[in-house]
Amino acid sequence: EKIGQMLMIGFMETELTPQFIRFINEKNIGFIDVFARNIISIEQATDMMNQIHQQGKITPMIFTDQEGGVVCQFAELTSTFSSNMGMAATDNPSFIELGAEILAEEMDSIGIDGLIAPTIDINHEPDNPIIGLRSYSDDVQTVINCGKSFINGTKKIGIATMPKHFPGHGGSILDSHLLLPTLDFSEEFYELCDLMPFKEISKDVDFIMTAHISVPSIDSSGSPATFSKVFLNDILRNRFDFNGIIVT
C-alpha cells in the first residue's frame, strides 16, 4: 500500500476499464496522469475525474501536462495561451499569473488536482529539441520571475504545481525521452544558470519533476539526475531544502 502511494500511472483509453479501476484499488495507487489521448470532451473528462476520485483507500491525485502554449493536453477544449516564451516576451509577469490562474481554475473545475508545470528550464541552447518555446527565456532572472508568477496564479485556485525539469534541461541538444544527454558545462556555470530557478522556487512548491540528464562536472558518476544522490539528496534536499515529492 505504501509503494502504491508512490506510483503515478496513466492509461490509454477514454474511459476507465474494470482492470484499471481494480489496479488502482488493489495497489492503492497515489497519482494518476491524464493525457490528451484520454480526453474527448469536458463532460467526459469531468465524469472520468470524478470516477477516479472515488477509487482507492486514499483518493488519488490527478495531474496533467497543462503548461499552456505548445503543451496542452486539453487542446482547444479549455483556454489557450501563448507559449511560455511568448508570455515572457510581454515583460509583464502579471499576465503569466493571470493566465495560470485561469488555467488552474478550469482544470480544477474538471477535477484535476495538479499541473505538471511550469517549465523553468533556462533555454540557453538554441538547438534544444525538447524545451524551446516551453521555456520562458534564456535569461535566468526572467525564468525565475515568470516561474514564480505561474506558481502564484495556481495557488490562488489551490491547484498543485510540479516545476520541471530539475536540474535543468535547457542546455541539451538531445531529447531525453529517447537518449541520455550529457551536459559538458562547468559546475560554476550550471550552478549559476540551470539550477538557479529550482533553488528559488524549492520552498514554494510541493512537487518537482526530474530530468534524465547527466552533468559529470557535478555528479562524476555520470548518473542521470533522476537517479543521482548528488542531485536529488545533496543538492535538492539538503542545499535547496526541498521537502516535497520528487517525481519522474
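This report describes the nonpolar cores, the aromatic pairs and one surface patch of a predicted model.

**Nonpolar cores**

The largest nonpolar core has 58 residues. Those that touch the most other members are Ile-32, Met-49, Ile-52, Phe-166, Tyr-190, Ile-208 and Phe-231. Several elements each supply at least two residues of this core: strand S2 together with helices H1 (18-27), H2 (42-53), H3 (84-88), H4 (93-110), H5 (140-155), H7 (196-201) and H8 (229-239).

With neighbours within four places in sequence left aside, Met-49 is in contact with Val-34, Ile-39, Ile-62, Ile-110, Gly-111 and Ile-112.

Another core, of 8 residues, lies apart from the largest one. Its members include Phe-31, Phe-63, Ala-160 and Met-209.

**Aromatic pairs**

The whole structure holds 7 aromatic pairs. In one of them, the ring centres of Phe-11 and Phe-20 are 4.7 Å apart. Their planes stand at 45 degrees, so this pair is classed as tilted. In the pair of Phe-31 and Phe-207, the centres are 6.0 Å apart and the planes are at 90 degrees, which makes the pair edge-to-face.

What does the pair of Phe-31 and Phe-207 tie together? Phe-31 belongs to strand S2 (residues 31-34) and Phe-207 to strand S8 (residues 207-209), so the pair links parts that are 176 residues apart in sequence. Phe-31 and Phe-207 also form one aromatic cluster with Phe-63.

The table gives the relative accessible area of the residues in these two pairs.

| Residue | Relative accessible area | Class |
|---|---|---|
| Phe-11 | 4% | buried |
| Phe-20 | 9% | buried |
| Phe-31 | 12% | buried |
| Phe-207 | 5% | buried |

Residues count as buried because their relative accessible area is under 20%.

**A nonpolar patch on the surface**

Nonpolar side chains are also found on the surface, where Ile-173, Leu-174, Leu-178 and Leu-179 form a patch. Together these residues have about 410 Å² of accessible area.

Where in the chain is Leu-174? Leu-174 sits in the loop between strand S7 (160-161) and helix H6 (187-192). Its relative accessible area is 31%, so Leu-174 is partly exposed. The cut-off for joining a patch is over 30% relative accessible area, and Leu-174, at 31%, therefore passes this limit.

Notes
Residues numbered from 1 in each chain as written. Predicted model: local features only at pLDDT ≥ 70, side-chain atom pairs only at ≥ 80, totals over all residues. Heavy atoms only, no water. Patch = residues over 30% accessible without salt bridge, like charges linked within 9 Å, V, L, I, M, F, W, Y side chains within 5 Å. Areas by Shrake-Rupley, 256 points an atom, 1.4 Å probe, with all protein chains shown as cover. Salt bridge = Lys/Arg side-chain N within 4 Å of Asp/Glu carboxyl O. Helix = DSSP H or I, 4+ residues; strand = E, 2+ residues; numbered from the N terminus. Buried < 20%, exposed > 50% of the residue type's maximum accessible area, 1.4 Å probe, protein only. Phe/Tyr/Trp six-rings, centres within 6.5 Å; stacked < 30°, edge-to-face > 60°. Core = buried A, V, L, I, M, F, W, Y, C linked by side-chain atoms within 4.5 Å. Contact = heavy atoms within 4.5 Å.
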